[in-house]
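Here is a short briefing for a first look. Please keep the sequence and the 3D view open as you read.

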Amino acid sequence: MSAPEGSLAHIRFAVPEDAPALDRLDRETWSYLHAVKPLDPAPSPFFNERFGPRDHLVAELDGALVGYVRLGLPTPLASTAHVRQIMGLAVADAARGRGTGRALVRGAIELARRQGARRITLRVLGHNTPARKLYEAEGFVIEGVLPGEILLDGSYVDDVLMGQPL
């Protein structure tokens, strides 16, 4: 996978041995800015029956795993098999502002194309302005908004649906 010009991150598929580092990254970056459920008190397996290593691209920076993007099918239906959905993105604080998130999003778009997808979509919380700006800069447009769809820590938050053709 290639990284955007100026990015120092190396993008690759995840491998099973990445699971502990990915779980740690998830826990370190957890926030209601992007999470739709409370932080689980005990870690659960990062890879599972639905999402394995090949459903994740990871970013390495200076030899450390600093981010990931999860790409999957939006539904199990054959009628949506032409669509891929970004179903998770995390970047370590130390890697922010260095093109890591952009490299991961571009990697997901490239992977979706290689898989034969005709569209790529995602859902982002309405108050997550940094993520929304990144997605818009990478060609995603707002395709719908579910106002007040998610209750987080006592506040109702919009669920913003974004997508783009490939």
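Leucine 122 stands opposite methionine 162 in β7. The model is predicted: local features need pLDDT of at least 70, side-chain atom pairs pLDDT 80 or more, while totals for chains, interfaces and linings use all residues. Residues are numbered from 1 along each chain as its sequence is written, and side-chain values use heavy atoms, without hydrogens and water.

**The sheet**

- β5 and β7 pair in the antiparallel sense over seven bridges. Pairing takes at least two DSSP bridges between two strands.
- Seven strands make an open, mixed sheet, ordered β1-β2-β3-β4-β5-β7-β6. Strands are DSSP runs of E, at least two residues; helices are runs of H or I, at least four, numbered from the N terminus.
- β1 (10–13) and β6 (141–152) are the edges; each has a single partner strand, so one side of each lacks a neighbour in the sheet.
- From one strand to the next, the twist averages 25 degrees.

**Helix α3**

- In α3 (residues 129–137), the buried residues are Ala131, Leu134 and Tyr135. Buried means under 20% relative accessible area, exposed over 50%, with a 1.4 Å probe and protein chains only.
- These residues span an arc of only 95 degrees around the axis, which puts them on the same side of α3. The arc is taken from the directions from helix axis to C-beta atoms.
- Exposed Lys133 and Ala137 sit on the face turned away from the buried side.
- The cover over the buried residues includes β4 (83–91), α2 (100–114), β5 (119–125) and β7 (155–165).
- Glycine 139 follows α3, with a positive phi near 100 degrees.

Terms used. Contact means heavy atoms within 4.5 Å. Axes are lines fitted to C-alpha atoms, for helices over the stretch in contact, and angles run from 0 to 180 degrees between N-to-C directions.
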